[in-house]
Amino acid sequence: MTYHNLNMNNFWQKFEKPILALAPMAGITDSACRQISKKYGADVTYSEMASVTALFHKPAKTLKLVGFNKSERPYVVQLFGNKPEHFEKAAKIITKEIKPDGIDINFGCPAKKVFSHGSGCALMNNIKLSREIIKAVCENTNLPVSIKIRAGLKNISALKFIEKTKDLPYSAVMVHGRTYESSFSGTVDFSLCEQVKKIIPDKIVLANGGIYDPEDAVKILKTYPLLDGLGIARGAWGRPWIFKQIKQLLACHPELACLSDRQVSGSQKIQDRSRNKFGMTKSKIKKIMIEHAKLIYKDKKELGMFEIRKHLCWYIKGFPGAAELRKKLVLAKSVGEIRKILK
Ligand SMILES: Cc1cc2nc3c(=O)[nH]c(=O)nc-3n(C[C@H](O)[C@H](O)[C@H](O)COP(=O)(O)O)c2cc1C
């Protein structure tokens, strides 16, 4: 067996720790979202998940989905599916046509339409097939390969999954510290994420789940020092600057890590999203909203104006008069209209 993705330009090994990644999100982490996250501090960005079966049969639309701009680099394309031969061809096409910095394999998605076909998180229960899929990708690309897994599902834990695949030449793992059963809410087991790192000390391990403010991030990194970094998904909604804030907090105010010890409920925490800390004023946020809208419009034209709406609503959370503003913003049909509404 020949692996072409060894001993080469592996971007995962070149970062200063901690590595802060914009985690993959279907319908969210498009090129504009990745560009804005990168500009405001993300170290690495992931695509939305792309179907290997679509890439196998009719690649054009999916190749468009994962296209990127060099300012998003290092950029990782995430693949999902359940057939090794589809992964094999998808890895070749992505490597040749898209030329990202890495390829990721989705072992974590619990969505019914993915899981019920035996893809995403369902694969964690089938070690033999998972190994074939990882090998199929590693053998057909010279890019570093990473995997994204969950804390576990049914009888299999992330620890067992990693134990059974650790000999394969993937470079990095993002562990969503919730089980399949706890879906997108509930406790995130960061200690388990750190235990994963103990099994594979030479691979990069990023912990993911429930990180909504910089203080949380710093607390996790301090409590679990073996982690190489964090993956942030919903915590970056309407707050792409969270990555920069984490870095600022780590650099200047390590003592603030203890702020996360405060007792706040989950919903309070989401509202108290530290907007005005670190100098994030309303006018700065508005500027970033316009910047984001321009990027999405440039990439997707009129269609982008529909897709920016959810982002705009996230950005204005907590603004006085947000409800009124939201009603106007969701009707905006151009960057100019958005700019007028925000004046
Ligand atoms: C809308 C949405 C879309 C997602 N799409 C993907 C995806 O395409 N691939 C993937 O591996 N995970 C996907 N996820 C999972 C996230 O990457 C992340 O693991 C999860 O949201 C937990 O992190 P958080 O608590 O920071 O949001 C998605 C999550 C959300 C909310």
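**Exercise 1.** Determine the handedness of the crossing of α1 and α12.

*Solution.* The crossing of α1 and α12 is right-handed, a crossing being right-handed if the near helix is turned clockwise from the far one by less than a right angle, and left-handed if anticlockwise. This is a predicted model, in which local features need pLDDT of at least 70, side-chain atom pairs count only at pLDDT 80 or more, and totals for chains, interfaces and linings use all residues. Residues are numbered from 1 along each chain as its sequence is written.

Next, the axes of α1 and helix α12 (residues 282-315) come within 8 Å and cross at roughly 140 degrees. Axes are lines fitted to C-alpha atoms, for helices over the stretch in contact, with angles from 0 to 180 degrees between N-to-C directions. Helices are DSSP runs (H or I, at least four residues), numbered from the N terminus.

**Exercise 2.** Identify which residues of α1 meet α12.

*Solution.* From α1, Ser31, Ala32, Gln35 and Ile36 take part; their partners in α12 are Ile288, Glu291, His292, Leu295, Ile296 and Asp299. Contact requires C-beta atoms, placed from the backbone, within 7 Å. By class, this contact has 5 nonpolar, 3 polar and 2 charged residues. Ala, Val, Leu, Ile, Met, Phe, Trp, Tyr, Cys and Pro count as nonpolar, Asp, Glu, Lys and Arg as charged, and the others, Gly among them, as polar.

**Exercise 3.** Describe how domain 1 touches domain 2.

*Solution.* The domain assignment, automatic or from a database, gives domain 1 (11-279) and domain 2 (282-342). In all, 9 residues of domain 1 are in contact with 11 residues of domain 2. On the domain 1 side, helix α1 (residues 31-39) supplies the largest share, 4 residues.

Definitions and conventions
Two residues are in contact if their C-beta atoms, placed from the backbone, lie within 7 Å. Helices (H or I, at least four residues) and strands (E, at least two) are DSSP runs, numbered from the N terminus.
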